[in-house]
Amino acid sequence: MKNYFKKNRILVIVALLGLIASLIPVTARVQAEETNKKYDLILDYASLRSMARQSELSEGDWLDLFASLGISKVALGEASAHDMHESATIPVYAASIKEMKNRHGWDLAYPEQVVQWIGESDDLSDALITAETKDAYEWVLGALKARKDDLICRCFEEADGGYIFIPQQNDGMKGEKVLDLCLGIWPETAELVRSHGMSIVPRTVTVDGMNGRTFAEQFVEVLRECDSPYYINSGDSLLGYDDEAGEEILKSYLRESGIGVGMFEENDQSQNLVWDGIEELLESTGYHAVRVFNEWDYIQFRYAYCGYEGPEEITNSLFRAIAERNCKVVYFKMILEPDNKVGADAEEDEWTYVTDPADYEKLLGDLHTRLSALGYTNETVPAMELDNPSVFVRILEGIGVAALLVMLLDLFFLLDDKWRYGLLLAGVLGVLALAFLKPGSYKLLLSMAGGIMMPSLAGAGLCRVLAEKRRSEAQIGFGKLLGSCVLCGLLTVLVSFGSSILASSALSQLSYMVEIDLYRGVKIMQLVPIALFGLAYLLVYAYEETGAKRAVLENIGERGEKGRVRKFYDYLCRTLDRPMKLKWFVAVVVIAVCCVFVLAVGVYYIYRTGNSMGVSATELRFRNMLENLLIARPRTKEMLIGWPCLLLFIWSLRRHMNYLPLIFGLGMSVGLVSIVNTFLHIRTPFLLSLLRTGWGILFGFVIGVAAVLAAELVYRLIKKLFTGSSHV
């Protein structure tokens, strides 16, 4: 390989310049991540209220407890007329005329004027709101008029309350639809929360048709009044998105206040819940967003889960969300008893909660301890700040990747100077064209190409290096062989790690870190280097090392001979016309079966790399043990497959084996691409991925050395028992 690097020294220099340029965005990203090591918990008031009703403590007692455990914010949802009484025991009731007329004796339950309105209504979708106190009546009526443009209603006020009759509106909206309009946070609930030292994160639910400028202005005022550090959307669409004026109100407030837009992670931990226009909204505010981990009900049910006695697995879930997936804000809900009814028939109101304060103290105490060990502080999380790298840096990265591509082609085809530098020039021109004409696609292609090149170079280059060593060193002592395995293995891993820098650098920007954008080329990026390794192995050991290449050249002539393609075709035809011996037929069948097996393994491997596959309780407990011991759990594919197979691949080739190296090499390729995939989880802090990779290399090489020792013992035993060939 010395000759290879000597003739490609210019390409190597260009590739190194590209790699150095890729460190600029990565360094900026690491600095942004390290200065943003904060996390926050928002208490879900609805689940707190339900849990408190089943406990011996009052809501206020529970608020005091959670305040002492480091939670300073409570999420309060705005109430609509329809759900006021159900949500917070507010003395306000609402129903459609159809619902009211179905009640026995309805005409005796209301004042004469109200009965007349109901009786005269010929639209069963008209609605009536009943308030049992004067304060409630005035609050609801004022909120309706403030939030619904051109509200049509009839009012009947009494000394201790009042009635609001809502017919069909001028815009065609039915009266019962108006009951879904969020009116605000009930004052007594807000006062309860504030009296216990908690601040409020208000939430509303948008309803199409009542989500324009007026509604947006009113809710923005609520955000201002509460001084909320986060805006968390909910409902049919983004706040104010019924008209352009409403859209601009939200954008202006977010730009003016600088608060983070809370993006709920999907329940399969893949991306975020989104609404139409969210990408444009975040782009207009400089991607001032924070990822929010919602305790979905399957997380709430993880009490005494996985063989634990208490809420340990809920703590683990919250820790992974914050430390590994950049969900710095947790929407904290109460723990559910595991024997609750779960499934399509489950009713949330019927759920039984864990009401022992000690369980919540353990859950949050363990969480704070584990996060503090990583340098995190419990406080309000600001939106992360990170500038995008310059075009010049991106172009340098692209030119470096182009040089790597030419080096890879040279490993396969042994190109001369004319071809190498001609291809490099073509690559540079292609990089410039894409960078300026297709900037959006450029960074994706740059990441994919960067992620493919160096694992492929590592695999193909190792094949040629070991072929040279087999020719130059026929016999080698085991001590020297073991040292060679470890040294060559580490250099191979280091080369592949370069792709981790290139691939992650291209995506190190806020839109990927908060998972507004999601890179979807990971699976292709993993398959290509594995396939290229297989081709490189067959090229070197099945074509060149066996003498097949020499035989072909003797029949078709050396480079430059006229009619070379025609002669190769004639040679191939003569070969195919020869009768096939039984051993070759068997070999073909075996190869076909192996190909089918490899394809099946590849399909499973690609499926297993996604988020769709569940994890067994045993595997989850093992992962938790590693996380508790090491902070960052090494990837199983690297630790148990990739790096042990890497050392076994080198060992088996140096022992002049013919078949086992290909199997070990495919396992090695899994590790080489996995190390890149680790860093393509852009939401995970770069240094945490680096730590995870380091642990994987350490334990993987320890396991690999043990595997090589065992393989050498078996090899010597077989060689001693069978004095025949050592070709395995």
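**Reading the labels in this predicted model**

Mentor: Trp-62 and Tyr-360 are both buried. Buried stands for under 20% relative accessible area, exposed for over 50% and partly exposed for the range in between, with a 1.4 Å probe and protein chains only. This is a predicted model, in which local features need pLDDT of at least 70 and side-chain atom pairs count only at pLDDT 80 or more, while totals for chains, interfaces and linings use all residues. Residues are numbered from 1 along each chain as its sequence is written, and side-chain values use heavy atoms, with hydrogens and water left out.

Trainee: Why is the aromatic pair of Trp-62 and Tyr-360 called edge-to-face?

Mentor: Rings of Phe, Tyr and Trp (its six-membered ring) pair if their centres lie within 6.5 Å; planes under 30 degrees apart are stacked, over 60 edge-to-face, and the rest tilted. Trp-62 and Tyr-360 lie 5.6 Å apart centre to centre, with 75° between the planes, so they meet the edge-to-face rule.

Trainee: What makes this a link between distant parts of the chain?

Mentor: Trp-62 is in helix α4 (residues 59–68) and Tyr-360 in helix α16 (residues 357–373), 298 residues apart. Helices here are DSSP runs of H or I with at least four residues, and strands are runs of E with at least two, numbered from the N terminus. Trp-62 and Tyr-360 also share one aromatic cluster with Phe-66 and Phe-332.

Trainee: And what is the class of the pair Phe-679 and Phe-686?

Mentor: That pair is tilted: the centres are 5.1 Å apart and the planes make 50°. Both residues are buried.

Trainee: How do you know that Asn-316 is buried?

Mentor: Its relative accessible area is 4%, so Asn-316 falls under the cut-off for buried. Asn-316 is in helix α15 (residues 312–325).

Trainee: Which residues of α26 are buried?

Mentor: Leu-620, Arg-623, Asn-624, Leu-626, Glu-627 and Leu-630 are. They cover an arc of only 165° around the axis, taken from the directions from the helix axis to the C-beta atoms, so they are on the same side of α26. On the other side, Thr-618 and Leu-629 are exposed.
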